[in-house]
Amino acid sequence: MQKIKGTLIPIGGNEDKGLDDNEMYTLEFIDEGILYHVVKEAGGIDANIVVIPTASSIPEEVGDNYLSAFKTLGCKNVSVLDIRSKEDSEKQESIDRITSANCIMFSGGNQSKITDKIGGTTIHDILLDRYINETGFVIAGTSAGAMVMAKEMIAGGSASEAFIKGAVNMYKGLSLIPSLIIDTHFIKRGRFGRQSEAIAKFPNLVGLGLAEDTGLIIKNGNDCTIIGSGMVIVFDGSQLTHNNEKVLQEGTPMTMANLTVHVLSNGDQYDIKNRKVTVLPIEAPFI
């Protein structure tokens, strides 16, 4: 198996951007927040960071918010690449920007837009190649931008119809980390059921449910460290003793036995390949 040299940072959405005093933001923005870690992993305040708001319905506003947030952190080389079509993904300017960036940051919105407008294009190929082969190259994404990192991507579905077959809609993502299925806004929007169904469909994969203002730093395509102010819920279906997903009709309640679930928070670690949790000692500081 090829060793992956780049870093992924999927984020659960609504991360602190240093713009307001939301009570959910319990970590210091400048030296503990999610975007601080993105900048640090990308090489510091001189890193070339390119924000891609393709998923958003308001790309200009979203782009401006990230420019402001990264400026607050002291970054000097941040720009927005507004890709709205597959043709935009094939433009030489887009290719040059992706090739020269230290960090790509995908915004939230509709994850299927990212697949439809970037998937299978030249810049998608460049992203995959650089992520696999370049130490220090970072791909971060929040909400939709996190979910699209998977191969088997949750594209939507009802949280209120939890544990009913057909509650989750799947689509193809960018396949940056095929071993995961990622869901976001996980606690606030009650998405336990749809992630459970996703894992019932693909029990060999690991499901991650990311709370808002919470993320993961993923090294080697495997080693996860939780960052941010909330929780990450890990779904491991590798030991299922009963799973009737394949035989049920749509709309039927599901049965899953022996699904393993972990609740992790800041500083905890997860080994995807070995399905192993390492919990931060209780007296240790947050990272």
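This is a predicted model: local features need pLDDT of at least 70, side-chain atom pairs count only at pLDDT 80 or more; totals for chains, interfaces and linings use all residues.
Q: Where is H124 found?
A: H124 lies in helix α7, which covers residues 122-133.

Q: Buried or exposed?
A: H124 is buried, because its relative accessibility is 10% and the cut-off for buried is under 20%.

Q: What does H124 touch?
A: Leaving out residues up to four places away in sequence, H124 touches I118, G119 and L174.

Q: OK, V168 next. Which strand is V168 in?
A: V168 is in strand β7, residues 168-172. V168 is also buried, at a relative accessible area of 6%.

Q: And which residues does V168 touch?
A: Again not counting residues up to four places away in sequence, V168 touches I154, G156, G157, R194, E197, A198 and K201.

Q: How far apart are V168 and E32 in space?
A: C-alpha to C-alpha, V168 and E32 are 34 Å apart, and in sequence they are 136 residues apart.

Q: Changing topic: which residues make the nonpolar surface patch?
A: F163, I187, F192, M231, V261 and V263 make a patch of about 480 Å².

Q: What volume does the largest pocket have?
A: The volume of the largest pocket is about 340 Å³. The pocket is lined by 23 residues, and those closest to its centre are S107, G108, G109, S143 and H185.

Q: Which helix gives the most to that lining?
A: Helix α3, residues 59-72, gives the most, with three residues.

Methods: Residues are numbered from 1 along each chain as its sequence is written. Side-chain values use heavy atoms; hydrogens and water are left out. Helices (H or I, at least four residues) and strands (E, at least two) are DSSP runs, numbered from the N terminus. Buried means under 20% relative accessible area, exposed over 50%, partly exposed in between (1.4 Å probe, protein chains only). Contact means heavy atoms within 4.5 Å. Patches are made of residues with over 30% relative accessible area and no salt bridge: like charges are joined within 9 Å, nonpolar side chains (Val, Leu, Ile, Met, Phe, Trp, Tyr) within 5 Å. Accessible areas come from the Shrake-Rupley method with a 1.4 Å probe; for residues, only the protein chains shown count as cover. A salt bridge is a side-chain nitrogen of Lys or Arg within 4 Å of a carboxyl oxygen of Asp or Glu. On a 1 Å grid over the protein atoms alone, a cavity is a set of points where a 1.4 Å probe fits but cannot get out, and a pocket is an open set with protein on both sides within 12 Å along at least five of seven lines; lining residues have an atom within 4 Å of a point. Grid points are joined across faces, edges and corners, and a volume is the space filled by probe spheres set on the points.
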